[in-house]
Amino acid sequence: MNYQWNWGLLLKEPYAGWLLTGLGWTVALSITGWLIALPLGIAIGIARTSSSRWILRLSGFYVSMFRNIPLLLQMFVWFFVVPELLPARLGLWFKRDLPNPEFWTGVLVLAFYTSGRLAELFRAGLQAVPRGQRMAADATGMNRAQALRYIVMPQALRIILPPLTSEFLSIVKNSSLALTIGVLELTAQSRQIENFTFHGFEAFGAATAFYVLVALVLNLVMVRLQRTLALPVAV
Amino acid sequence: MIEFKRVNKCYGAHHVLRNITMTVARGEVVVVCGPSGSGKSTLIKCVNALEPYQDGHILVDGIDVGSNARSATRLRQRVGMVFQNFELYPHLSVIDNICLAQRVVLKRQAEEARERARRLLDRVGLKDKESAYPMNLSGGQQQRIAIARALALDPEIMLFDEPTSALDPEMINEVLDVMTALAADGMTMMVVTHEMGFARRVASRVVFMDMGEVVEDCSTDEFFGQPQSRSDRAQLFLGKILSH
Amino acid sequence: MPDYALIVRNASFLFDGLLLSLTLTLVGVIGGFAVGTALALVRLFTGIIGNYVVDAYVFVFRAIPLILVIFWFYFMVPLILGRPVGAWTSATVAFTLFEGAYYSEILRAGLKSVRAGQLNAALASGMSRAQALRYVILPQAFTAMIPIFLTQAIILFQDTSLVFVVSLHDFLTATTIIANRDGRLIEAYTFACLVYYLICLAATAGVEKLKRTFAR
């Protein structure tokens, strides 16, 4: 295999700058998307445990839509199709006046896609809390919202903490799809470097290292969170 | 038949078995009792090498249990075990549960295995359940089948690890009856249990364990007949367990 | 004026794309299963070092985006083989190794899901570890794992759309091509959404049915 290694490449400009910019966009996409997806996902997740058939059906349809269509296709739909379907003035604003429309589109796609998955996660967590807990709460006169807030949700959150952190890692990985609509996030930048220099190992290696680092840090955060939130166990 | 010589076992820092020395003679029925955490379940699992031990010797019919893996596998053909959670194989029918080890370990022919299985099912009173699946049966029925499954290999010793602890009260007796009949037929048995009534009626010896040690090891008559001469810990335990 | 005749005009092109997506999925499932099983065997039969190696493999493949994996192998496979290879070859390698990591985790969870007592009961009756695995543990593990395998396959089917980044003509890429060529983005993408939605919905319903059959 004929390959000239040149790891120093990564520290030289402009490549180092490219990687950092890319990392910045990845972080921005992931965190912004997550901040929107989380409350949305909790709301839909609660809706998925509703006793009303209509709410159940509607939220079910919401989840199924984002779940059965590939994320990449959703990206294209939001970027190419939705602006056309918006009322004329809004569409124009979106295509012309909004700064970084690719970024915001990416954020919206990631947010809605992840909210669907989070909804299912929260539904599972809420349903995993023993029914007796809700009955105990009702018996003391709490209404549904209070029971949810003080008794059921705190327990559900502890149950789904591991898959929840895994979903955050997913959104970080999925942010790479924004490169198809022009956001120069980390993966795109590494491909850029490879295109310019033909040093693929170094370029992709750098990107891999960053993602692995994020995964490792997330693991640690999850362990820490679990320990802080853990309910005292009878010895 | 079973000899324990200064057996010691640790789980990390936890010293689970301390200098266990005792014997189970051929034809004896020995009941091992004691509070939770006393090590009695661990002890019985050491006999057929399901649990390793660090120090001392366990000899079954003269063969050292800890010597190597192959001898352990062969030993297990002569020692049958019944578990607290029955552990029937859920994906196999009752008769297949009883035949599997016969065919795979003893290499018996399928027809012969089935014949023996049917006879054993009859012996435990469940002849008509041969095609049923474990999940459709009650706990008591499952445990009786587990006993039949263990007997299918014609063992010389039977080990019971809290066989009735996971059963609803009304089903305990059907299992104890099978065990009583087994003892009457002369089987060498080592039974970890809380069922003192069974111990009194059937056991030849009672061993009381606490915190990893053998505290009492005497005949059933002595154990129940002269409780005052037993140690404090044994009396405490007996007091708690007999008064309900 | 929406022009859905676009779809009809390009039906065979789109159909070829769909076929490629499905073929790639199949290759990924079979190859991934083989790799996953190999990894699980390494885990079962080697010591600590073997386990750490498999852990590292699985960790890395699950930490990085699939697009990056595709780029990696698009770049690396020709380099290793010493000659240029098409996007198809590098994509199949990428998907196989990627899915292998996920399948090995499914296998591991499946094996763990069988109660420890079952192994004890099998060993107690004199079976060797291999016999216990074969007659008692694996049959139970597989019934638990099959629905999860199939769900993973459905996810893989959606993931095949990512070969867009190396211009392999899967269903999505074919859709984007005709969308841009004829300037009919809305019709093309809506159609693609419908196709993916129906296929994945039907497949998921099938898996649910299978799960119910297993719980006999």
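The model is predicted, so local features need pLDDT of at least 70 and side-chain atom pairs count only at pLDDT 80 or more, while totals for chains, interfaces and linings use all residues. Residues are numbered from 1 along each chain as its sequence is written, and chains are lettered from A and ligands numbered from 1 in the order in which they are written.

**Chain A**

- Chain A has ten helices and zero strands, where helices (H or I, at least four residues) and strands (E, at least two) are DSSP runs numbered from the N terminus.
- The C-alpha atoms of chain A fill a box of roughly 70 × 60 × 30 Å along the principal axes.
- Of its 235 residues, 34% count as buried, a term that requires 20 or more other C-beta atoms within 10 Å of the residue's own, with C-beta atoms placed from the backbone.
- Among the contacts in chain A with a separation of 6 or more, 76% come from residues 24 or more positions apart, two residues being in contact if their C-beta atoms, placed from the backbone, lie within 7 Å.

**Sheet of chain B**

- Four strands of chain B form an open, antiparallel sheet in the order S2-S1-S4-S5, and strands pair if DSSP finds at least two bridges between them.
- Strand S2 (14-24) and strand S5 (63-64) of chain B stand at the edges with a single partner strand each, so one side of each has no neighbour in the sheet.
- Five bridges join strand S1 (residues 2-11) of chain B to the antiparallel strand S4 (residues 55-60) of chain B, and Asn8(B) has Asp55(B) as its bridge partner in S4(B).

**Helix pair of chain B**

- The axes of helix H3 (residues 94-104) and helix H4 (residues 110-123) of chain B come within 9 Å and cross at roughly 130°, which makes H3(B) oblique to H4(B).
- The residues making this contact include Ile95(B) and Ile98(B) of H3(B) and Ala117(B) and Leu120(B) of H4(B).

**Contacts with chain C**

- In chain A, 27 residues are in contact with 30 residues of chain C, and helices H2 (53-68), H3 (71-85), H9 (186-197) and H10 (200-229) of chain A each supply at least two residues of the side that touches chain C.
- In chain B, 17 residues are in contact with 15 residues of chain C, and H3(B) gives the most to that side of chain B, with three residues.

Note on methods. Axes are lines fitted to C-alpha atoms, for helices over the stretch in contact, and angles run from 0 to 180 degrees between N-to-C directions. Angles under 35 degrees count as roughly parallel, over 145 as roughly antiparallel, 65 to 115 as roughly perpendicular and the rest as oblique. A residue is buried if 20 or more other C-beta atoms lie within 10 Å of its own, exposed if 12 or fewer, and partly exposed in between; C-beta atoms are placed from the backbone.
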